Amino acid sequence: MRYATPKTAAEAASLLMEDAARVLAGGTDLLVQMKSGRLAPETIVDIKHLPGLRDITREDGGFRIGAAVSGAEMGEHTDLVAAWPGVVEGVNLIGSTQVQGRATMAGNLCNGSPAADGVPAQIAAGAVARLEGPEGTRDVPVAEIPTGPGKTSLKRGEFVTSIFLPARPERSGDAYLRFIPRTEMDIAVAGAAVNLVLGADGTVAEARVALGAVAPTAMEVPEAGAALTGSKLEDPAIEAMVDAVRAACKPIDDKRGTVEFRTHVAGVLAKRAARIAFARAGGQA
Amino acid sequence: MAFDETKHDYKVIGTRPVRPDGIDKVTGRALYGADLSAPGMLTAAILRSPHAHAKIVKIDTSKAEAMAGVKAVVTSRDFGLPEDQDLRDTQDNCMARDKVLYDGHAVAAVAAINAQVAKAALKAIEVEYEKLPHVIDVDDAMKGDAPLVLEGRALETVPEGWSQNVTNYCEFGHGDLDDGFARADLIVERSFKTGATHQGYIEPHACLASMGPDGRGELWCCTQGQYMVREVCAGIMEIEASQLKVTPSEIGGGFGGKTTVFIEPVALALSRKAGRPVKLVMTREEVFRASGPTIHSSTDVKIGMTKDGTITAARADLRYSGGCYPNGTCEMGAQAAFAPYDLKAVRTYGWNALTNRPKEISYRAPGAPTAIYAVESVVDEMCQKLGLDPVDVRLKNAADKGTKSSYGVTFEDIGLKATLEAAKAHPHYTAPLGPNQGRGLSCGFWFNFGGNASVTLSVNTDGTVNVTEGNPDIGGSRASISMIAAEELGIGYDRVRTIVADTTSIGHSDTTDGSRVTFTVGLATIKAARDAKTKMCARAAALWGIDPEAVEWVDGAAQPSGPNAGKFPPMSLAEIAAVSFQTGGPIAGHHESNADGAGVSFGVHLCDIEVDPETGASKVVRYTVFQDAGKAIHPDYVEGQLQGGAVQGIGWALNEEYIYGEDGILQNPGFLDYRVPVASDLPPIDTVILEVPNPGHPYGVRGVGETSIVPPLAAIANAMSRGAGVRLTQLPMSPPRVLSALMAKG
Amino acid sequence: MKSIPVSTTVNGDAVDFVCAPGETLLDALRNRLSLTGAKEGCGTGDCGACSVTLNGRLVCSCLVLAAEAEGAEVGTVEGMADHDKLHVLQQSFLDHAALQCGICTPGILVASKALLEENPEPTDEEVRYWLAGNLCRCTGYDKIVRAVQDAAAKMRSA
Amino acid sequence: MVKVTIMGALRHAIDGKAEVEVEASTFKELIDKLSAEYPGLKPQIDRGVSLAVDGRIYREAWLTPIGEAREVVLMPYMKGG
């Protein structure tokens, strides 16, 4: 085993071409998996020393968040929190205060967990991941990164260097809620993110709803977004959205929750998140 | 000189001084099980079964033994076969002999130059298993066609006709049940199930062993009882007790879970074989898979009540499983079930059945929480059905002094009615509730024990005192023992230092369990102090040239007991100590005895919870504990016991349980999915300490550590029923279970 | 497997050690530097007993590689007291009997110190959520929250 | 003579009765006599028993006097956490 601290993206990509190489950013998933024996990497590629990876920068009115930026750093960035409160609260729900000091949004994405708290709000936000690899740079929508539990669409040698959150129009708001049995420290049993943009008349002009922990990957539910569009979140619109959410759920039964529970609660969370996002967008019911 | 048997006028008892081991524990200096290292030390690791139940066909350790850096490998072949059955079970649990009985059962261990080599060596050990059918649930295990975990282990008390998995049977009670039920206006009969919970101490089991080929050894470990470790390890290792010195480290929580051994004999065997010291520390996953959780249970309760709330008859059938070896925890549950009630007709029946789960070990009031949960749930349901106040009904039926308890013993002075009355009078009982909130209460009970203790109290020439005792300090006992010594001697708390000794430094003390330390070691300390006072009075008498009987000890000094005794100024402890060498030599008091008279302890918990009707999530929003402590020596640490027990009970009620897959593999061997309560899950835990003196102790002390885990299970279930309109009969009341109950209710 | 030399600062002292590539900061602190105040309760970031600060940020040292400490500043419970003078939090934990067995105490003290540096006047709820990653099985957290709040008040008026 | 209450599961060993009378002045005498007179009780006594004497529980305290006791109850060996 060896530990490498590449100084350039090309060097990192070349290290990652080696057998059993793993990216280390916050390490809060990697070290747990090493401890349990699920992973035994030969090369640990610490990407925190690459230029720009620990920065949050403004770009085209949006935000580019380096892949090594911790959740705590995101939570401390006032402008980011104001623009994308749902995305930040999703990331900030990962683990404890201690984990927040290390865990990254990009790592949460690349770990490929269906229950990742940091992912649904990114999908609802239309976030785009920037990848570096042996063949150069490419941008991929976050929604296309996870492909199944523990699996991603990243090619060999590729890694995420940053995630871009687009500019916010006026009258927009997002929110993320998850259900856990305790108040902290659990993996989501179900999660729902809602991102809304309101028209000048206060009705929903654009809506995106994304779910976590109810399918092999976090996913957007376009029918749920469509159900909200044109409404002011009146009961029939909410009910239609909840129905669409539950129809899209394909969860598993496990130690954390049952199929019925996850499906039901995903609807409840989506409803509640929609109301929060609506209020954040300045909506009046 | 004579001493008052009962003392009332306290100077130190009841105050709240800083504990003597406090600074070490807030600065990181205190040494726990894994904190000690030795020169030349090896690191050990244990290979564990991946199957719930399997025959061990073959273990080939040759490849591991041949690896560079591996210094010893042991399997069950490296241990003898103890004659005593309990010891044999303990040894088999530390290292499986013929069969693995649960997921995580140890099969081999290695000691190597570092952890990486040890881990790699485990992978090189080849074990051939022949998988056997397994059984996980107690009700399944009792069926005639259940897979047999062990054969031929049923005690003679078990009636014929049961599966061989049924190993223990017990029955308690008195009176005519049929007549009692016939007189009832309402009879309610319910069945309950509870999940197995783990003590959840934050410190994994850890030890450092050093043993030579001559059988002389030293062991440093985190345990609730160094003498227990010595007896058990000496038995398993076939060495003499005197040759094994066991030093207890600071202990990072136990709650009963460190009253046996899991790894210590393995570390000793590795050290003996390698000829070097060996450190062995469990991972958290190993703690969950292979140390002892508590029982899981299935219980039927039937109670008859008249319209005015008088219980006319009560019966409980308790089926417990403590995993893969026999145990008597069902006896404790069956005796405790109806302890809070004065009943004319009562019967409890208890069974233990073997399952392919880890060997149960005590967890705070073992057997009682699940039994009383079932009983207190039914009593509460009957109060609801009859429209009666739940405190009034309990007061009406409450056990009191002179009550013949359901387990046959007539109570001395007890504090149950006082705690119920305190609960009823407390503002919490009548405080308004918010939407989706409900309030529940439950009684709780624990026996409390005395037992063996050795204490030496040495008087130093500078007027200070050392108390040497043999019970690991698990939550502030050094402070309470120092306070007791100071109180008895009439000196300041800061003049006393109490230390917990290794097994060679003082005689035997029983394990720190059964809520016994403050009572038993405290009692021994009182007697050791009185012994020292008698000796100091004799020294003063000798100096004064008067009869020792004419000297008494008052306010930290010897003085003539009356005008006829002579006129001498009092001699303080410091003055007598200063001339001790000149008056006969060093002064020390001793006491060694098997104490009795530990008074039982009752508590009442009052709890408000709020249930989210859309998700089934529940949160405890207010909590108050009322408990009789007899006499609180250090009220802070009494409150701490009440609070800590309450929160463990809250965890048991709401989230904690061992979850098994169809394959018999434990699904949640980690804090992540075992889900003990975290700080944000909880409100403040308010406490009200009642002091109904225990007649068996000169200060009136009762044990307090265990009763507090008993009431929360039913208190929360009862609050759930009253707040959300659903009565859950299975623990934990996890959100999926609550939500499905809510949806079934409509 | 090649050992890695690491130069770092622990509690203000410059220290050097070598570690294995996969070794955690917790193991290096405990086994290489004999700083056993941080405890391993789980090794998976679920209990907080190994809490330390890394460049001022509260982390679980079991989830940090020792090699990552190169050039960093690490703070542990051993660095809280100023020589023979206890930190206000340490004294407050003693005064409030906010520990029973004491195994979680070093982690909780380090975490509480980080909290009060960031938020000198937290609500009880903020204390409880901040400390949610620090499991305590003995106390039920009640006295811990009180001790933190009392220390916070003393630090504000100091 | 001391009247001893026997827990339910052992009553098969004393012909189904709830109590037996034994001539004994101490815990030790009591368990020796019980073992001798009721062999069915011996396995449990060998495994360990507690004795409640006038409301107080004694574990293995052989010399405990019971001659004057109003109430003696034979119990399983009690353990805690």
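**Exercise 1.** State how many residues of chain A are in contact with how many of chain B, and which helix of chain A gives the most to that side.

*Solution.* Two residues are in contact if their C-beta atoms, placed from the backbone, lie within 7 Å. On that basis, 16 residues of chain A touch 16 residues of chain B. Helix α11 (residues 259–280) of chain A gives the most to this side, with 4 residues. Helices here are DSSP runs of H or I with at least four residues, numbered from the N terminus. The model is predicted: local features need pLDDT of at least 70 and side-chain atom pairs 80 or more, while totals for chains, interfaces and linings use all residues. Residues are numbered from 1 along each chain as its sequence is written, and chains are lettered from A and ligands numbered from 1 in the order written.

**Exercise 2.** Describe the side of chain B that touches chain C.

*Solution.* Begin with the count: 41 residues of chain B are in contact with 44 of chain C. Next, the elements: α1 (22–27), α18 (635–654) and α19 (671–674) of chain B each supply at least two residues. The largest share, 7 residues, comes from α18(B).

**Exercise 3.** Determine how α7(B) and α8(B) are oriented and which residues make their contact.

*Solution.* Helix α7 (residues 226–237) and helix α8 (residues 264–274) of chain B pack at about 50 degrees, their axes 10 Å apart. Axes are lines fitted to C-alpha atoms over the stretch in contact, and angles run from 0 to 180 degrees between N-to-C directions. Angles under 35 degrees count as roughly parallel, over 145 as roughly antiparallel, 65 to 115 as roughly perpendicular and the rest as oblique; α7(B) and α8(B) are therefore oblique. Val229(B), Cys233(B), Ile236(B) and Met237(B) of α7(B) meet Glu264(B), Pro265(B) and Leu268(B) of α8(B).
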